[in-house]
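Colleague: I am new to this structure and would like a close look at one part of it, taken slowly. Please start from the view below.

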Amino acid sequence: MVQDEYNQNLSLNKAIHVYFSQAVPLVTYIDSKKCSFLNNEKCAICAGICKNNAIDLYQKPEKIEVEVGAIILAPGFETFDPKLKSDYGYGKMQNVVTSLDFERILCATGPYEGEIRRPSDRRHPHKIAWIQCVGSRQVIPGGNSYCSAVCCTYTQKQVILTKDHDAQAECTIFHNDVRSFGKDFERFYQRAENLPGIRFIRSFVSIGREIPETKNVTIRYSTYEDGVKEEEFDLVVLSVGLNPPDDVKEMSQKFSIELTSEGFCKTNPVNPVETSRPGIFVSGAFQGPIDIPESIVTASGADALCSQLLAFRRGEMAAEREYPEERNAEGEEPRVGVFVCHCGANIGRVVNVPSVAEYASSLKNVVYAQETLFACATDTAKKIGETIREKGLNRVVVAACTPRTHEPLFRETLREGGINPYYFEMANIREHCSWVHAREKETATQKAKDIVRMSVARAVRLKPLKEFDLPVDKRALVVGGGVAGLTSGLSLANQGFEVFLLEKDTELGGMARRIHSTLEGLDVQTYLHNLIRKVYEHPSVHVFTNSKITGVSGYVGNFVTSVKVGWMKKEIRHGIAIIATGAEEYKPTEYLYGKDDRVLTQLELGKRIAIGEERLNNSQNVVMIQCVGCRNEERNYCSRVCCGHSIKNALKLKELNPRMDIYVLYRDMRTYGFAEDYYREAANKNVKFIRYEPDDKPQVEIIEEGGQRILRVTVTDLVLGNKLEMDADLLVLAAAVVPLETNAEISRFFKVPLNPDGFFQEAHVKLRPVDFAAEGVFLCGMAHYPKHLSEAVNQAYGAAGRAVTILSKDFVTASGAVSEANEKDCVSCGVCISVCKCGAIEFRDTPKGKKAWVNSVLCEGDGLCTAKCPTGAIQLKHFTDEDLVAQIDAIMEDRR
C-alpha cells in the first residue's frame with residue numbers, strides 16, 4: 001500500500017488511519033465499525049483515489065481447497081484470563097494488569113510509547129509487584145492444574161527491563177517455586193535477584209483492597225519471619241499462565257485429532273511432534289506450555305517429519321529466486337543511502353532516530369537518508385531495494401541492530417536492488433549504543449551519529465566481491481548414539497540421505513540405557529530397543545561403535561572426518577554433522593556417597609526398582625536430597641530433569657509400599673509443565689516435601705546406636721524453624737547432569753564453542769537453537785543441555801530438519817569475505833599458518849621461494865592471519881586495513 005495520507009484525509013467518517021513512526025507514515029488500515037461502505041452506505045471514496053489499488057471493498061469470503069501430503073498445527077496458545085477469578089481484582093482495580101498488558105506498556109508502540117506508566121493516572125509507578133502462578137498450579141475452579149513453564153522467566157525479564165527504565169524502581173516478586181530450569185536460566189534468575197531494590201518473596205498472596213485516594217493496591221502475604229503482612233503497591237502485575245487455543249475443540253473435530261484433558265494436543269508418547277492422526281504434526285505451545293526456543297525447535301522437528309513423508313516430492317514446487325542483473329558500480333562516484341531503524345523500542349526509545357537520519361543526509365557521499373520503524377520488515381526491505389534502483393545508490397548503510405542476525409537479509413536486499421551485496425555496511429546502534437546508554441539519550445544519539453559516520457566512511461571504500469558455489473556431499477555424520485543421535489540419524493535416513501553414526505561406547509543407547517521409565521509411564525528400555533533395531537535395519541544408516549574421532553577437516557557441504565574404529569582407521573566424507581554426544585551423571589563426593597551402600601543416586605534407585613530388589617520393599621524411611629552437584633558455584637545451572645526423576649521414583653516406591661515414609665529435601669521443585677500433576681499426586685500420597693536453603697544444606701552422618709549404624713539426615717524445617725532428624729534406610733541423591741569430558745575435544749575438532757558450564761553453545765538461543773555458528777554443524781540432546789527424553793526427541797528432529805536445509809541443496813554459497821595473500825610482501829614466516837583455525841593457509845612454491853597461499857574454500861574470514869602478519873601481506877577482503885583506518889579517521893574528525 002502506498003504510504004501516504006490521501007485516503008485518510010478524504011475519509012468522511014475518519015474510518016481510515018495511517019500508522020506513523022513520528023513523521024514517517026507506515027501503513028493504512030480501515031476501521032470496519034466506522035466505514036460507511038462496510039455498513040451498507042454508498043461511499044468507496046478511498047478505493048477510488050488509492051493510487052495503487054490497494055483497497056478492494058468488494059472482497060467476499062471464499063473457500064479454497066488445497067491438497068497436501070502433511071499438515072502442521074501451530075495455533076499457539078491463549079493467556080489465562082484473570083477476570084474469571086475475581087479474587088485478583090483484574091478488571092475492577094485500575095492498577096492491576098496482566099503480564100501481557102505489561103509487555104504492551106513496555107513496548108514503544110504500546111499505550112505509553114515505551115514509558116512505564118500506570119493506567120489510573122499515567123504516573124510512573126515506583127513500587128511494582130508481580131504475582132506468580134496466576135491461573136497455573138491451581139486445582140480450584142477456574143484455574144489450571146499444570147505449570148505454564150514460562151512465567152517465572154518472563155517475569156524476571158520484565159523486572160530487568162523495568163530496572164532498565166527506572167533504576168530506582170522497587171520490584172517485588174511473589175512466588176512459589178522459582179522454576180528457572182532452562183539453559184542459562186539460573187544465571188538469569190540470579191541477575192534479576194541481585195539487582196538493587198528487588199525482592200523475591202516466597203508466599204501465596206491475596207489482593208487486599210484498592211485505596212480510593214491513590215488507586216494503589218494492597219497485597220496480603222506471609223513470611224516465616226514476620227507472619228501475615230499487608231503492603232501497598234503502585235502497580236500489580238499478574239503473571240498469567242498459558243491456556244490452549246480458544247477454538248481447540250473445533251480444531252480437533254476438523255482435523256480428527258485427540259486432545260489432552262487440559263485441552264492441548266495429545267501427542268505420541270515417544271514422539272511429541274506426532275498427533276494422534278498420522279500425517280498431522282504439531283509444533284509450538286499447542287504441544288503444551290513451552291517457551292520460544294523450544295517452539296522453534298519443534299517447528300524444525302515438524303518440518304523433518306513432514307519431509308520424511310514427502311521426500312519423494314522434494315523440489316517439485318520449488319522455484320529458483322531470480323535477481324535483476326547486477327550493475328557494475330566500479331568506477332562510479334559513491335552514492336550512499338542510509339536507513340536508520342527505530343527497531344521498535346530498542347533504539348527509538350533512546351536514540352533520536354530522526355536526528356540521526358537528518359545528520360546522515362549531511363555526510364559526504366550520502367545522497368539519501370531515511371528512518372524506518374523496522375528495517376528488517378519485508379515491506380521495508382522491499383522499499384530499500386526500490387530506493388536503490390530509483391536513486392541510483394551504489395552503497396547502502398543500515399543503522400540498526402547486529403549484523404550477526406540481519407546482515408544476510410540486507411545483502412539479499414542489495415541483490416534485489418541490482419548491486420553487489422558486499423556494498424552493504426551495517427551500523428550497530430542497538431547493542432553498541434541504545435542498549436548500553438539507555439539512560440543517556442543525548443549521548444546515545446551523538447554516539448549513533450558517530451557510528452553512522454564511521455560506517456559511511458567504510459562503505460565508500462567497499463569493493464564488490466564474488467561469492468562462489470560449492471557442491472554439497474549429501475551424506476550426514478551423527479556423533480553420538482544416544483536417543484537424540486539415533487533419532488536424528490534415523491530421521492535423515494528416512495528423508496533419503498545416507499548417514500554415518502558414531503558411538504564411542506560398545507553399545508548404542510547412551511544415558512537412556514540407565515533409565516527404565518519416564519514420569520508419564522513410558523517403558524524406556526522397550527522404546528530404546530525398538531529405536532536401535534530400526535537404526536540397524538535401515539540400509540542408509542552405517543553404525544560405528546567403539547569409535548573415536550581423530551580429526552576433522554573441510555567446510556559446510558564437504559567435511560572429512562577421520563575416525564578410529566577399534567583397530568581400523570577410516571575417513572568419512574559428509575556434508576553436515578550433528579553433535580549428539582549426550583551427558584553423564586555427576587558422581588557425588590558429598591553425603592557419604594561411595595562410603596555407605598545405603599546412599600545412592602536416583603538413576604541407581606531407578607534400576608533397583610526396575611529389577612524388583614527385595615530390599616526396597618523392606619525400607620520404611622527413604623530420604624531424597626535434590627540439587628546435588630548443581631546450582632552451586634562449581635556448576636551454576638539447574639539440571640532440569642532431577643525433580644521429575646525424584647517424583648517418578650517416589651511414586652514407584654509408594655506403589656511398592658504405600659506405608660513407606662518418603663522425604664524429599666528440595667530448594668525449588670521444578671516439575672514444570674504437566675509434570676506438576678505428578679508432583680501433586682506425590683504430595684497427596686503423603687510424600688513429604690521439606691525445603692532447605694543453599695546456605696543451610698542437609699547434614700548426613702553415621703550414628704552408632706544400640707549396636708547399629710544409623711544413617712541420619714538432619715535438615716532445618718523452615719516452616720517450623722527447627723532442626724529435623726530423619727533416620728534413613730535409603731538416602732537417594734538427585735545428582736546433577738554434567739557435560740562429557742570429551743566435549744572439549746569435539747569442540748576443537750568441529751570448531752564449535754562450549755558455554756561456561758561445558759555444554760555446547762548454539763548459534764542463537766531463539767533464532768538458531770539447534771545450529772552452531774559454524775555452518776553445517778548442528779546439535780541436539782543433552783550435549784546441548786540437560787533435558788527429558790521427550791525434549792531430546794523434539795530437538796533431535798529439529799536438528800534433522802535444519803540439517804536437511806543444506807543436504808537438500810546441490811550447492812552452498814561460500815562468502816567472498818576471505819583472506820588473500822600478496823606474494824610480494826610475504827616473508828614466509830609461517831605465523832599466518834600457525835594461527836589459522838580452519839587450516840586454510842599453506843606454503844606454495846613460487847619462483848621467489850615458498851609463499852603463503854590461502855584456500856578460499858576453507859577460509860572462514862575470521863581475520864586472525866591478517867592481525868598476526870608482520871608485513872601486512874595478508875588482507876581480509878571486505879575488512880581491509882584501508883576500510884578500518886577510514887573508520888578510525890572518521891571517528892577522530894570531531895576530536896582534532
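To begin with, to how many disulfides does the count come? After that, please take me closely through the surroundings of F174, and tell me what S203 touches.

Modeller: This is a predicted model, and in it the count comes to zero disulfides. C107, for instance, is in no disulfide, because a pair needs its sulfur atoms within 2.5 Å, while the nearest cysteine sulfur to that of C107, belonging to C343, is 11 Å away. C306 is likewise in no disulfide, with the sulfur of C265 nearest at 13 Å; C107 is partly exposed, at a relative accessible area of 27%, whereas C306 counts as buried at 11%.

Turning to the part you asked about, S203 lies in the loop between β8 (198-202) and β9 (206-210), and with a relative accessible area of 10% this serine is buried. Leaving aside residues up to four places away in sequence, S203 touches F174, H175, Y221 and S222, and a polar atom of the S203 side chain lies 3.0 Å from the backbone nitrogen of S222.

A search of the whole structure finds 18 aromatic pairs, one of which is formed by F174 and F233, edge-to-face, with 6.0 Å centre to centre and 90° between the planes. This pair links distant parts of the chain, since F174 belongs to strand β7 (residues 170-175) and F233 to strand β11 (residues 227-233), 59 residues apart. Both F174 and F233 are buried, and the charged end of K127 sits over the ring of F233, 5.0 Å from its centre.

Conventions. Residues numbered from 1 in each chain as written. Predicted model: local features only at pLDDT ≥ 70, side-chain atom pairs only at ≥ 80, totals over all residues. Heavy atoms only, no water. Buried < 20%, exposed > 50% of the residue type's maximum accessible area, 1.4 Å probe, protein only. Helix = DSSP H or I, 4+ residues; strand = E, 2+ residues; numbered from the N terminus. Polar contact = N/O pair within 3.5 Å; in protein donor to acceptor, adjacent residues only side chain to side chain. Contact = heavy atoms within 4.5 Å. Phe/Tyr/Trp six-rings, centres within 6.5 Å; stacked < 30°, edge-to-face > 60°. Lys NZ or Arg CZ within 6 Å of the ring centre and 35° of its normal.
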